[in-house]
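Subject: Structure handover

Hello,

Here is the structure that I am passing on to you. My notes on it follow below.

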Amino acid sequence: MRAAALAAAAGCGLAAAYLAAGAAAVVILAAGLAVLGLLAARAALPAALPSRPAVRTPGEPDELREFPSYRRVREAVSWSQVSARHYDSVTRPLLVRLFAAALAERHGVDVHREPARARELVGDDVWPFVVPDRPRSTDALPPGPDLAGLRAVVNRLEELWPND
């Protein structure tokens with residue numbers, strides 16, 4: 001309703017400008033309305049995404065610089081809370097691959113062929129975070145999965161794939 005009222009007001013303003021000063025006034029008024037519309041749209045957008053971490057995070061041990069795969073996993077998990085779409089597009093596929101590797105190597109279970117057995121090993125609390133064939137979300141608004149859920153996923157992965 002509010003948008004319709006604004007559109008009607010803008011239309012009336014353009015008509016009045018044309019009647020008062022001609023085509024040049026309409027162009028100037030239309031440009032001004034476009035700027036106002038862009039400013040209103042920008043104000044309605046959610047807060048900016050968190051900045052990406054620097055190549056070397058302060059306080060990060062020097063030996064971690066040599067593990068780019070670790071850094072990619074860490075970034076994927078840290079960005080997963082931005083939105084459900086980001087989690088489903090980036091983080092969940094990565095976690096599915098890690099769980100699939102852990103289940104195959106340590107338990108002889110193929111997550112795609114034996115989803116019931118995989119779910120049993122992963123647990124009902126963590127399975128919704130790593131369902132391999134769940135459709136991707138299109139929700140770009142914050143938030144994604146909560147930190148407690150992500151922590152449970154990472155802890156379960158470490159339990160399933162212990163460090164020898």
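The buried residues of α4 (84–107) have a cover that includes α3 (68–79), α5 (115–122), α6 (127–130) and α7 (147–160). Buried here means under 20% relative accessible area, exposed over 50%, and partly exposed in between, with a 1.4 Å probe and protein chains only. Contact, on which the cover rests, means heavy atoms within 4.5 Å. The helices (H or I, at least four residues) are DSSP runs numbered from the N terminus, as strands (E, at least two) would be. The buried residues of α4 are Tyr 87, Asp 88, Thr 91, Arg 92, Leu 94, Leu 95, Val 96, Phe 99, Ala 100, Ala 102 and Leu 103.

This is a predicted model, in which local features need pLDDT of at least 70 and side-chain atom pairs count only at pLDDT 80 or more, while totals for chains, interfaces and linings use all residues. Residues are numbered from 1 along each chain as its sequence is written, and side-chain values use heavy atoms, with hydrogens and water left out.

Overall picture

The protein has seven helices and zero strands. Of its 164 residues, 26% are buried. Among contacts with a separation of 6 or more, 60% are between residues 24 or more positions apart.

The average pLDDT (the predictor's confidence in each residue, from 0 to 100) is 78, and 66% of the residues score at least 70. Confidence is lowest in α1 (residues 2–21), with a mean of 66, and highest in α5, at 94.

Helix α4 and its kink

A kink of about 40° lies at Thr 91, shortly before Pro 93. The bend at a residue is the angle between axes fitted to the seven residues ending there and the seven starting there.

Beyond its neighbours within four places in sequence, Pro 93 is in contact with Tyr 87, Asp 88 and Arg 136.

After α4 comes Gly 108, with a positive phi near 65°. Gly 108 sits in the loop between α4 and α5 and counts as exposed, at 56% relative accessibility. Leaving out residues up to four places away in sequence, Gly 108 touches Leu 103 and Glu 114.

Helix α3

By comparison with its expected span, α3 reaches 16 Å over twelve residues, close to the 16 Å expected. Its buried residues are Arg 71, Glu 75, Ala 76, Val 77 and Trp 79, and their cover includes α4 and α7.

The core

A nonpolar core is a set of buried Ala, Val, Leu, Ile, Met, Phe, Trp, Tyr and Cys residues joined through side-chain atoms within 4.5 Å. The largest has 21 residues, of which Phe 99, Leu 103, Val 122, Trp 127, Val 130, Val 153 and Leu 160 touch the most other members. The elements giving two or more residues to this core are α4, α5, α6 and α7, and α4 gives the most, with seven. Apart from neighbours within four places in sequence, Val 130 is in contact with Arg 92, Leu 95, Val 96, Phe 99, Val 122 and Val 153.

Regards

Definitions and conventions:
Expected span 1.5 Å × (residues − 1).
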